Amino acid sequence: MSSGLIKRLFPLLLHFTINYSSSLSTPLNASMHSVNMMHILKWNLLKASCSTVNYSVQFQGEYELYNLDGTWVNAYDCQEISENRCDLTHDLASNSDYSIRIKTNCDGQKSWTQLPATFNRRDTVLLVPKMTMNVEGDPIQVDFSTTLSDMTVNLKVWKEGDEQNTSDFMGLVMVIIAVVVAVTVAFILGWLAAHLGPQIKQTFCYRETIPNVLLDDWPTRTPILCTDVSLEPTDPLLLLLSTEHQCTTVQLGGNRLKQVECRT
């Protein structure tokens, strides 16, 4: 009897084993689709016979990884949802590398699937905005249908056949003009330094001549105090006197000193 019961329960056990173990381990093939700064996470639905199945999305940026001990943050609008997509545009709000994972709940049995690589919103694909033009008289109205709140559009207008107003051409012209101006300024400065250097130096460093009054008062002959016998090594002494002083030399006799006396 027990052997017959086991034979009857074996298909049922095999059914639960196949549906709840192997099915939950099936990869969801999660991927991120980011276009014009709109980040949508998509994955395959779980292929399992579950009475109830739902999905929850979590993300982890560099701030959570390094400053919050590696915590994970629940995506606000993607908790216990039944669909296989999640809009993470407002959650991934910085230029950071994000790790993203999906929790699958099948009748209370949970499994995790993580995005194969980190995602950065700088990797988004920017499409050319759709532009429509409406001419009413002289004014020209240009409308862009695919723009975002934080998107900046630069519009340039030129006449047909006048491609010189394009950004590439104007950028090249500006570079050429800057190079020509720099070379011209360098040539002018070099020429001025070579030809006008002495005049410029004389202008800024003018040498004032000595007044004649000082030259007239300067003595024509400078008296010198000296001795015939040097008692010890000495240096000559120059006495610079004005013409108002009268000096005489007095001989003290023999090998004694000569003395210069000056009277005013």
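## About the model

This is a predicted model, in which local features need pLDDT of at least 70, side-chain atom pairs count only at pLDDT 80 or more, and totals for chains, interfaces and linings use all residues. Residues are numbered from 1 along each chain as its sequence is written, and side-chain values use heavy atoms, with hydrogens and water left out.

## Two disulfides

A disulfide here is a pair of cysteine sulfur atoms within 2.5 Å. By that rule, the count is two. One joins Cys50 to Cys106, with 1.5 Å from S to S. This pair links distant parts of the chain, 56 residues apart. Cys50 lies in the loop between strand S2 (38-42) and strand S3 (53-60), while Cys106 belongs to strand S6 (residues 99-106). Helices (H or I, at least four residues) and strands (E, at least two) are DSSP runs, numbered from the N terminus.

Are these cysteines buried or exposed? Buried means under 20% relative accessible area, exposed means over 50%, and partly exposed lies in between (1.4 Å probe, protein chains only). Cys50 has 18% relative accessibility, so Cys50 counts as buried. Cys106 is buried too, at 0%.

Cys78 and Cys86 form a disulfide as well, with their sulfur atoms 1.9 Å apart. Its S-S torsion is 100°, and the link is right-handed. Cys78 and Cys86 are both buried.

## The nonpolar core

A nonpolar core is a set of buried Ala, Val, Leu, Ile, Met, Phe, Trp, Tyr and Cys residues joined through side-chain atoms within 4.5 Å. The largest one has 22 residues. Leu41, Trp43, Val57, Leu88 and Ile100 touch the most other members. Strands S3 and S6 each supply at least two residues of this core.

Take Leu88. Leaving aside neighbours within four places in sequence, Leu88 is in contact (heavy atoms within 4.5 Å) with Met32, His39, Leu41, Val57, Ala75 and Ile100.

## Leu28

Leu28 sits in the loop between helix H1 (2-22) and strand S1. Its relative accessibility is 2%, so Leu28 counts as buried. Beyond neighbours within four places in sequence, Leu28 is in contact with Trp43, Asn44, Leu46, Tyr55, Ile102, Thr104 and Thr113. Leu28 and Asn84 are 56 residues apart in sequence, and 9.4 Å apart in space from C-alpha to C-alpha.

## Positive phi in two loops

Most residues other than glycine have a negative phi. Met37 is not a glycine, yet its phi is positive, near 65°. Met37 is in the loop between strand S1 (31-35) and S2. With a relative accessible area of 21%, Met37 is partly exposed.

Glu80 is not a glycine either, and its phi is positive at about 55°. Glu80 is in the loop between strand S4 (73-74) and strand S5 (85-87). Glu80 is exposed, at 61% relative accessible area.

## A nonpolar surface patch

Which residues form a nonpolar patch on the surface? They are Met174, Ile177, Val181, Val185, Phe187, Ile188, Leu189, Trp191, Leu192 and Leu196. Together they have about 940 Å² of accessible area. Areas come from the Shrake-Rupley method with a 1.4 Å probe; for residues, only the protein chains shown count as cover.

Like charges are joined within 9 Å, and nonpolar side chains (Val, Leu, Ile, Met, Phe, Trp, Tyr) within 5 Å. Leu189 is in helix H3 (residues 167-195). Leu189 is exposed, with a relative accessible area of 54%.

Methods: Patches are made of residues with over 30% relative accessible area and no salt bridge: like charges are joined within 9 Å, nonpolar side chains (Val, Leu, Ile, Met, Phe, Trp, Tyr) within 5 Å. A salt bridge is a side-chain nitrogen of Lys or Arg within 4 Å of a carboxyl oxygen of Asp or Glu.
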